[in-house]
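I wanted to know where they sit and what lines them.

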Amino acid sequence: MTTAPLKTRRILVFWMPLAGTWLMMAVEGPFLAAVIARLPDAAPNLAAYGVAFAFAIIVESPVIMLMSASTALVNNRDSYLVFRRFTIALSALMTGVMLIIVMPPVFDTLASWLNLPVAVASLTHQALILMLPWPGAIGYRRLLQGLLIRHDMTRRVAYGTVVRLVTMCATAFFAAWWLSISGALVGALALSVAVVAEALAVRRMSRRAIRALMDRRKTEGQRLTLSTVVKFYVPLALSSFMAMGVQPMVTFFMGQSRMALESLAVLPVLNGLTFLFRSLGLSFQDASIALLGDHMEHYRPLRNVACTLAIVTSVCLAVIAYSPLSFLWFYDVSGLSIGLTEFAIPPLQILVLLPALSVLLSFQRALLVNARTTKVITSATAIEVAGIAMVLWIAIHYFNAIGVMAAVTAIVLGRICANILLMPACWRATRDTPVLH
């Protein structure tokens, strides 16, 4: 987005609204978990909310990378119209998948495979019905957010997330205190209303960016076609689908493990806390795509910021995990019982490496998206998912490990494998990078 030497201050000014956006989204999980934990029957409702969210995430996963792809590909009227058609078709397809999943025969089969307790399965099914708007609203919103990022309007991305967060909080409080529904349904309803509100807000805030694209009729470089979009995006969608599939897969294995209910109950809380720190790395991916330059001339300053960010995020999580702050978070903030709090601390200590590994993965993906080399991202994700599955299987079926301990160990080891696999491709993409910037 700029040809001048890229300073750290410029990177931070551009990235910080995106970081704020992801941090606000990261607050959703702990906030809703805390609300659910304070309502009746906390353990089964927390478990059901976690399972429903895992299902929704995997259905949503193919649209996750639309923001990155929109930032990288949409630069004029023709490319916008082509990519918008692609987004609408993909979002409609994922909504159709969600409809199929909530059909009783299909859902009952899935619940049986996951070995869910009857009470948890019933709550999960109702929560998923409430989350039907989830994939469509998120797909359309991420297309528009990509346009805002490309037009240097990252603050408006953050403003949209403020709308989402305020709407979610208001809906959760209203549903918790005024509606006679279970905690898992409170969380699902709050999430659905929030993402729809955010999509509407971002649509309004992106009008100027859309007008600018519609006025830019001349194609810059190669004309973007639907087949080009599909070829570029399918590896990203597959990567996202496999990555998001980790949560249902982990849920499946934990359902067969020792202390399954406790593991299912604390996993959403653990995910919520770690996501607060991982979100900073995730937000850096789209900022890097926008700022790297056509020939990656700004690789080195972005790399330096990424390294600093990786260290800071993992150190901060470690301070919480290995101090009394962990008890304060799980018991006082998240509302877990003393037993579940003590149960959640050891897996959190294993997860301290995950924020740094997530920053590294996000920067690696940004380099490869910028270089239009997306197939290797799919390969790395496949290795990560396979590694997680293998470690889970061995830990639970051969060592009778506690479910959540097996899960967090597998997640960290799988991510390390993905980072290692992407290193040669990233080196090839950057070996001709100019050194002046």
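**Entry: ground rules.** I noted that the model is predicted, so local features need pLDDT of at least 70 and side-chain atom pairs count only at pLDDT 80 or more, while totals for chains, interfaces and linings use all residues. Residues are numbered from 1 along each chain as its sequence is written, and side-chain values use heavy atoms, with hydrogens and water left out.

**Entry: cavities.** I searched a 1 Å grid over the protein atoms alone, where a cavity is a set of points that a 1.4 Å probe fits but cannot leave. I found two cavities of 30 Å³ or more.

Which residues line the second largest cavity? They are Thr21, Trp22, Met25, Met67, Arg141, Arg142, Gln145 and Val157 (lining residues have an atom within 4 Å of a point). I sorted this lining into four nonpolar, two polar and two charged residues.

**Entry: a pocket.** A pocket is an open set with protein on both sides within 12 Å along at least five of seven lines. The second largest pocket has a volume of about 270 Å³. I listed 16 lining residues, and Arg303, Cys307, Leu360, Phe363 and Gln364 lie nearest its centre. Which helix gives the most to this lining? I found α17, with seven residues.

How values were computed
Points joined across faces, edges and corners; volume = space filled by probe spheres on them. Nonpolar A, V, L, I, M, F, W, Y, C, P; charged D, E, K, R; others polar. Helix = DSSP H or I, 4+ residues; strand = E, 2+ residues; numbered from the N terminus.
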